[in-house]
Amino acid sequence: AASDVYKRQENNMRIIQMLSTIAYGDAVSNDTIAMEKIIKEMGYDTKIYAESIVPPLDKKTAVSVDKLTDVHQDDIIIFHMSTGSKLNYDVAKYNCRKIVVYHNITPPEYFRNCDERFTKICEYGLEGAKYLADKVDYCLAVSEFNKQNLIDMGYKCDIDVLPIIIPMSDYDKKPDKDVIKEYSDGYTNILFTGRVAPNKKHENLIAAFYYYNRLYNNKSRLILAGSYKENDPYYIRLTEYTKKLGLGEAIVFTGHIKFNQILAYYKTADVFLCMSEHEGFCVPLVEAMKFKVPIIAYDKTAIADTMGYKGMIIDDNNPVYVAGCIDRVVRDKELRQQLVNWQNERLQSFEYNNIAEMFKKYLRDFINKNSRK
C-alpha cells in the first residue's frame, strides 16, 4: 500500500525547468527545449519558465516565471544557470528538489573596457552562482571545465557532466542556396560562428587571418557569423581594426542570420577557426564536426574537452603561427582528412540518442536517490 501511495505521488510530480532568457537559436535555450522533450518522453509533467521570452518564441514554448505557483516539495526544479539573474537567488526559495545545469558564466573582466552593463551582469551572475552552492541537491555541468568551476565555487553536492543536447537532425535541413552560391566562388573560406563578444577574441581571428591572407593566400576571406550590436564598442573597434589592416571585403560580419544561412556558411567553409578564450562548451565546434569542416582551436577553458583532446588544438595564439596552421590545413589533403576522421570519432559522443540516454539515467538516478516519501 505504501509503495502504491508513493507511485501516485511520483506520477503527480512536476519537473520545472527555469532559465533567465529563452531565445531562438541560443545554445542554453536549445538545451532546455531538448530536455523538455526528453522529460515528456519519460512521462513526467513538465514546463519551461523564463524571466524573458524573446520573440518569435512565445507562451507555447515558455511561461513567465512570475506565473510559477504551487510548487510542491515533491517537484523538481532544473535551473539552467548561464548569466546574472535574479533567479540565481530566487531558485533557493522554492521548497522542492533542485538541480542546476551549469552552462558557465563569462568572467566579467572580458567586458570591463567595453560594456559596463554586461560586466555587472557577469559579476552578479558569479555572486549568485556562489550563493547557490549549498542550496541545491545536484548539478549537471556541460563540460569537465564547468564541473571544476562549480567545485571551485564551493559546490559539495554530486556533479555529473552532461554535454549540451544537440538534435543533430536539425543540421540535415536544406541550407540557403543564395549563400552557398555567393561564397562558392573559388575563395578559401575561414569561418567562425558565435556572437561578437570580447571573450570570443574576434581580434585574434582577424589578426591570424590578416597574416594568412597576406603571406599565403590573398584569395581568401574570413566569415564571422554571429549577432552584434551596431553601437557595441567592441564591434566598433573590430571594424576599425579591419579597416586599418586594409582587409576591406575580405572580412564578413554577417550579423544575426537565419538557421538555413548558418548551415550554408558551414557548407562553404574550408576551415573552422576558434580563438575563443572562454567557453563552457562551444556548440559551434560540434556543428563544424557535423559538417566535416577541419577545426583549428585555441586550447582554452572547455575547448579541448569538447574536442575530445583530438585534432588541431593549438597552445599558441600568435597570429603568424596560426596563419601557418591555416595554410597547412588548407593545402595538406592528408592532414585535412585525418582531422576530419578524428572529428567524426568525437562527434559520435554527441549523438542525440547518446546524450538523451545519459540525461534520462542521471534524472532517474536523482529521482530515486532523492525521493521525498
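## Two helices side by side

Helix axes are lines fitted to C-alpha atoms over the stretch in contact, and the angle between two of them, taken between their N-to-C directions, runs from 0 to 180 degrees. In this predicted model, helix α7 (residues 202-215) packs against helix α8 (residues 233-244) at an angle of about 10 degrees, and their axes are 10 Å apart. Angles under 35 degrees count as roughly parallel, and α7 and α8 are therefore roughly parallel to each other.

On the α7 side the contact is made by His202, Glu203, Ile206 and Ala207, while α8 contributes Tyr234, Leu238, Tyr241 and Thr242.

## The open sheet

Seven strands form an open sheet with parallel pairing, in the order β3-β2-β1-β4-β5-β6-β7. Its edge strands are β3 (63-64) and β7 (158-161), each of which pairs on one side only.

Within this sheet, strand β4 (residues 76-81) pairs with β5 in the parallel sense over six bridges, and Ile76 stands opposite Arg97 in β5. Helix α5 (residues 144-152) lies across β5, β6 (138-141) and β7, and α5 runs at about 165 degrees to β7.

His103 is found in the loop between β5 (97-102) and α4 (116-131). Is this residue, His103, buried or exposed? Residues under 20% relative accessible area count as buried, and His103 is buried because its relative accessible area is 9%.

The side chains of His103 and His80 are joined by a polar contact of 3.0 Å. Leaving aside residues up to four places away in sequence, His103 touches Val28, Asp31, His80, Met81, Ser82, Val142, Asn146, Ile164 and Gly280.

## The nonpolar cores

The largest nonpolar core holds 91 residues, and those that touch the most other members are Ile206, Phe272, Leu273, Leu285, Ile296 and Phe359. Helix α14 (residues 352-369) supplies the largest share of this core, namely eight residues. Apart from this core lies another, of 26 residues, with Val65, Ile77, Leu87 and Val136 among them.

Key: Residues numbered from 1 in each chain as written. Predicted model: local features only at pLDDT ≥ 70, side-chain atom pairs only at ≥ 80, totals over all residues. Heavy atoms only, no water. Helix = DSSP H or I, 4+ residues; strand = E, 2+ residues; numbered from the N terminus. Buried < 20%, exposed > 50% of the residue type's maximum accessible area, 1.4 Å probe, protein only. Polar contact = N/O pair within 3.5 Å; in protein donor to acceptor, adjacent residues only side chain to side chain. Contact = heavy atoms within 4.5 Å. Core = buried A, V, L, I, M, F, W, Y, C linked by side-chain atoms within 4.5 Å. Pairing = 2+ DSSP bridges. Parallel < 35°, antiparallel > 145°, perpendicular 65-115°, else oblique.
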